[in-house]
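Subject: Structure for your review

Dear colleague,

Please find the structure below, followed by an account of what was found in it.

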Amino acid sequence: MSTDHSGAKICVTCGGGDLLRLDTYKRYWHCCRSCGSAFSEEKATYPLAMLSFPDLRKDPAVDEEKMYDYFVEPVHIEWSEREGQEFIAQYLRPSAVEVGGKEVLDISGGNGHFIRQLESLGARITLTEINRRTIEYARATHGFQVFEYNLNEHDLPSVTRQRYDIVFARACIMFARDLNKFVADMKAVLRPGGQVFINHSVVPTLGVLLRTQLDDFSYLVLRQPEAIIAAFTASGFSLQHRADETDPGLYVYDHDLLRHWRWVYRFYEWRAIRQMAGDRRYVWPARDRRRSTLVFHLDT
């Protein structure tokens, strides 16, 4: 959590101090009125932890590493292969990024079956992942290098010790607390003229904050695309491609499925609506999940 010299909370993206605090079940979200970013603060206690529902209590067995153990389950492996094919059609081809003959680094790439779909296009793959079970699986299953890498703890060039033509960062920038470190890591492992492909960078909306409020571990920072673009361009990159979308899936509606989920959702939704009634500059009040694909070219 970032604070100024007086101890007041400040935005982790721009350093601004004009913050709107939204209350959700397991965390507070601090939304910056200057840049539109939202960063989370985990709560020490939960108001309904005395009830019999496990998801209303803290699960000590779940952390940012172990929460991804499901990556090695057969159903997720099958899903990863299918998602890889969909990614090529829906995101890679429209971006005009060519992977044939390129050295490609996939950040937080899971079990490797997603990025392996790019091998058929001539890419040479390296993978990083945070989950140890998944790392062991990927090393035993695929023929490419797999490294353990935590976005907030490790220095990426020290981990990989080589440079790449393209870095893919899919659905992971929301877990990077320090945007400038993230950009610096990308730049440090790229060859001159290299590209960074950011996919599914989630924008802060009330729908996302409420959908994730019962998760033991979730997004750390949600940013506006403009804030990410500004950080990359300030570091010698140019924006090559941008595509914004509203997630067509039913992710944000999962809390319709159980009665106690609905009750908790509606309570915190009602409170947040009152809190953000005057904040209309950004799409914070939206109940959907909005996300962006951004491709950057390293110019210097």
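Helix 5 and helix 7 cross in a right-handed manner, meaning that the near helix is turned clockwise from the far one by less than a right angle. Helices here are DSSP runs (H or I, at least four residues) and strands likewise (E, at least two), numbered from the N terminus. The contact (heavy atoms within 4.5 Å) involves Leu179, Asn180, Phe182, Val183 and Met186 of helix 5 and Ala227, Ile228, Ala231 and Phe232 of helix 7. By class, eight of these residues are nonpolar, one is polar and none is charged; Ala, Val, Leu, Ile, Met, Phe, Trp, Tyr, Cys and Pro count as nonpolar, Asp, Glu, Lys and Arg as charged, and the others, Gly among them, as polar.

The model is predicted: local features need pLDDT of at least 70 and side-chain atom pairs pLDDT 80 or more, while totals for chains, interfaces and linings use all residues. Residues are numbered from 1 along each chain as its sequence is written, and side-chain values use heavy atoms, without hydrogens and water.

Helix 1 (74–95) and strand 8 (190–202) each supply at least two lining residues, with helix 1 giving the most, eight. The lining comprises 21 nonpolar, 14 polar and eleven charged residues.

Yours sincerely
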